[in-house]
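Hi there,

Here is the structure I promised to pass on to you.

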Amino acid sequence: MDLLEKIKQKAADNGMVLFGTSCVDDALPDDLSDMPYALTMGMRYPKAIIRGIKDGPTPEYFHQYRTMNANLDRTAILIQTLLIESDFEAVYIPASQSRPGEAFHGRLSHKIGAVKAGLGFIGKNNLFVSIRLGPAVRLVTVLTDMKLPISSPVENACGSCRACADACPSGAIFGKTPMPPYKTADIFSPEKCAYHLKTAYQHIGRGSVCGICIANCPYSGI
């Protein structure tokens, strides 16, 4: 079994139902530019959890969110170790990133690798939408200098649907179809979203989650 197959097996053994590879050299900060290839992995939310958040977050959703992030990070660091032990450079980008002074941006958007890997598209809700699972997924990324296969992106499939925008209680989703180079400000206001979370959902995860747009997306299949 070659290294990439070992990595895929490790990911599957740890609950990853999405797996893809891509080159993200045009999206990396300078200090990560020596690792231009990305391994993108993802877990899916249970449909029962997503059905429960059509009108707002629940404690069960928050705990799934937090536990899934921990498992994504754990799996990513296992794969990071596999790569390093095989004499490649590698570093994982945490599933949920928080950087001082950059409240709405991490080191690298997981969506970029997922889209470049052909796993799905960026929806009108500014979330990654899996072709198979919709936006009811969580992602993590491992960067490496190991040369990986490159796939072709798929087209946005939101069409005229406005389900996420119409359901959003904050008005943060503008209902516009994302177009490359995917500028968040064109389709979504993270400030409006964050303000609503902090004011309406402090009792659940201190206002860190919502999920209404996920539950109301037809591609979530609930």
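**Salt bridges and cysteines**

Let me start with aspartate 166, which is exposed at 57% relative accessibility; here buried means under 20% relative accessible area, exposed over 50%, and partly exposed in between, using a 1.4 Å probe and protein chains only. Its partner is arginine 162, and their side chains meet in a salt bridge at 3.1 Å, N to O. By salt bridge I mean a side-chain nitrogen of Lys or Arg within 4 Å of a carboxyl oxygen of Asp or Glu. Arginine 162 counts as partly exposed, at 38%.

Before going on, a word on the ground rules. This is a predicted model, where local features need pLDDT of at least 70 and side-chain atom pairs count only at pLDDT 80 or more, while totals for chains, interfaces and linings use all residues. Residues are numbered from 1 along each chain as its sequence is written, and side-chain values use heavy atoms, with hydrogens and water left out.

Helices (H or I, at least four residues) and strands (E, at least two) are DSSP runs, numbered from the N terminus. Aspartate 26 is exposed, at 59% relative accessibility, whereas lysine 116 is partly exposed, at 24%.

Another salt bridge pairs aspartate 31 with arginine 107, at 2.4 Å from N to O. This pair also links distant parts of the chain, 76 residues apart: aspartate 31 is in the loop between β1 and β2, and arginine 107 in the loop between β3 (90–93) and α4. Aspartate 31 is exposed at 52%, and arginine 107 is partly exposed at 26%.

Now to the cysteines. What is the number of disulfides in the structure? There are zero, taking a disulfide as a pair of cysteine sulfur atoms within 2.5 Å. For cysteine 158, the closest cysteine sulfur belongs to cysteine 164 and is 6.5 Å away, too far for a bond. Cysteine 168 is in no disulfide either, with the nearest cysteine sulfur, in cysteine 193, 6.4 Å away. Cysteine 158 is buried, at 16% relative accessibility, and cysteine 168 is buried with a relative accessible area of 16%.

Best wishes
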